[in-house]
Every structure is written in C-alpha cells, then in structure tokens.
Amino acid sequence: MIPVHLAGARRSNAGCEGCLQESGRDIPFTFAYQPIVDLAGRRVFAHEALVRGPAGQSAYSVLSQIDGESMYGFDQRCREKAIAGAARLGMTERLSINFLPNAVYRAEVCIQRTLEAAARHRFPIDRIIFETVESERVDDEAHLASIFREYQRLGLKTAIDDFGAGASGLRLLADFQPDIVKLDMALIRGIDHDRARRAIVGGVVAMCNDLGIEVIAEGVETADERNCLADNGISLMQGYLFARPAFEALAPITEGSWLPAA
C-alpha cells in the first residue's frame, strides 16, 4: 500500500531532477518475495517484490519516510533493487514490482534505468510485471494509462492491484486494459460462503475474459476460498494459504495447498 501523501504528490520537472540526484538514497530497504501460483499448471507464476526494512521491518516503516521529493529516486531504486534481488536469487518466473505512478514524469524516460538494470542483471524484460494500486489516488488517470501503454510497448507486463478497493477501477479499464487485474483481498475473504462476493467476482472474471485480461485473486487464506475461486474460473492466486512473503528469499509453496489431483 502506497501512503496517500505520496500517491497524491504532483508531478513536475523536479521528478527527473530527483531521480538524477538519487533523492531518497539514505532510506535503507530491501525486499521480501511472495509467490503467485498457477493452480492449473501447479507452478509458480510470479513473485511479488514487497518492500521491507533492512531487518525485515514492515513496508510502512520504509514508505512512511518517503516524501513528495524523495519518492522519485526511491521509485527508481525500488525497481533496480527488486530486479537485482530477483537475479541474485535465480528467479526464473515473472517478477512483479509495485510502482508509484505520480513518480513517473515521462514514462519513456523514467523506464530507462529499469531497462538498464534488467540488461545488467540479465533479467528478461518480458518477465517483469509493473503493478499499481487501484485504491490510491492518481491525479491524472490519462497519465497512468500512458505509462501502462509505454510499458506494454516495450514488452513489460502491466497490472492493476487491489482491484475493487477504490472507485476508479472500471473507469481505468474503460480507458486502458492491463495484462492483469489483481482482485482486492476484501472481495476474496470468505467468498465461499458469501453469495454477493461470488457474484461480484464472477462478473469481474467474465468481464476480464472478454477483454483478454488475466485475473489474480489476492489474500487467499483457506482451502475453501481457493476451491470457490477455482470453481469461478480463477487459476492465478496469491496468499498465505500458498506461502507467506520470504525475506530476501523465494518462498517454497506450502505442502498441500494445491488443488487435489483429479
């Protein structure tokens, strides 16, 4: 989750200057990685890079130190460090990186350091997913769509995280279709015994199928939730049922969390 004071920051020429000056460089951080599984293929689809303090402290402990100026350099460092960590761990699956849309001044310029980091660490760009949170305030939705279009043009994957938690999700999909939509965990919790949640999720899945968008269910914690989501056509899932985030490591999938063999 991105602090509101960062999500609402205004873009300006200071953004490019902030990246060049490495603003935010004094804030130490690292990553934990949490897998996203593909039930149909019984494999790991991707790993999400989650910001942590250097000793495993919460994401908030790091993000609360970022202000409107330091977010530009911090966003760049997050991308580079997540890629470096994935390469060091020998990750062969996709890497999902959260980014701050309001820290991107010009998508074609701001992405260059990411591309250089991918080349330096020999991490294929078509295995990188950039996701942003639907519930956070974005000053200019057309700007967000333009960022996503540039990323897709370069071969990067795009995702809207926490879909259903905010008010702009459907409007974003009308203007731009990302590669992936990640359903907010509030829609997933207890879905197996909640008719309204099943109907809403079923509608989103049908819509995304029509638009050629993959759906990931976040926050899956029970086998009953997993089974209900699978019955509703969702194969990609993320949550504690499968694995908790692993600090500076790739988490093994919990034994018995896959669907029973047919």
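Arg43 comes out as partly exposed, at 38% relative accessibility; that label covers the range between buried (under 20% relative accessible area) and exposed (over 50%), using a 1.4 Å probe and protein chains only. Its side chain meets that of Asp38 in a salt bridge, and Asp38 counts as buried because its relative accessibility is 11%.

A quick word on the ground rules. This is a predicted model, so local features need pLDDT of at least 70 and side-chain atom pairs count only at pLDDT 80 or more, while totals for chains, interfaces and linings use all residues. Residues are numbered from 1 along each chain as its sequence is written, and side-chain values use heavy atoms, with hydrogens and water left out.

**Charged pairs**

The structure has twelve salt bridges, each being a side-chain nitrogen of Lys or Arg within 4 Å of a carboxyl oxygen of Asp or Glu. Here are some of them:

| Pair | N to O distance |
|---|---|
| Asp38 and Arg43 | 3.3 Å |
| Arg79 and Asp75 | 2.9 Å |
| Glu221 and Arg189 | 3.6 Å |

Arg79 and Asp75 sit four residues apart in helix H4, about one turn of the helix, and both are buried. Helices (H or I, at least four residues) and strands (E, at least two) are DSSP runs, numbered from the N terminus. Glu221 is partly exposed at 40%, and Arg189 is partly exposed at 31%. Elsewhere, shared partners join Glu48, Glu131, Lys182 and Glu218 into one salt-bridge network.

**Nonpolar cores**

A nonpolar core here is a set of buried Ala, Val, Leu, Ile, Met, Phe, Trp, Tyr and Cys residues joined through side-chain atoms within 4.5 Å. The largest one has 65 residues, and Leu95, Leu183, Leu229, Ile234 and Met237 touch the most other members. Helix H4 (residues 70-88) supplies the largest share, seven residues. There's also a second, separate core of eight residues, including Phe45 and Leu236. Beyond four places in sequence, Leu95 has contacts (heavy atoms within 4.5 Å) with Tyr33, His47 and Phe123, among others.

**An enclosed strand**

Strand E5 (residues 157-163) is largely enclosed by the rest of the structure, because six of its seven residues are buried. E5 pairs in the parallel sense with E6 (residues 180-183) over three bridges, where pairing takes at least two DSSP bridges. Ile160 has Val181 in E6 as its bridge partner.
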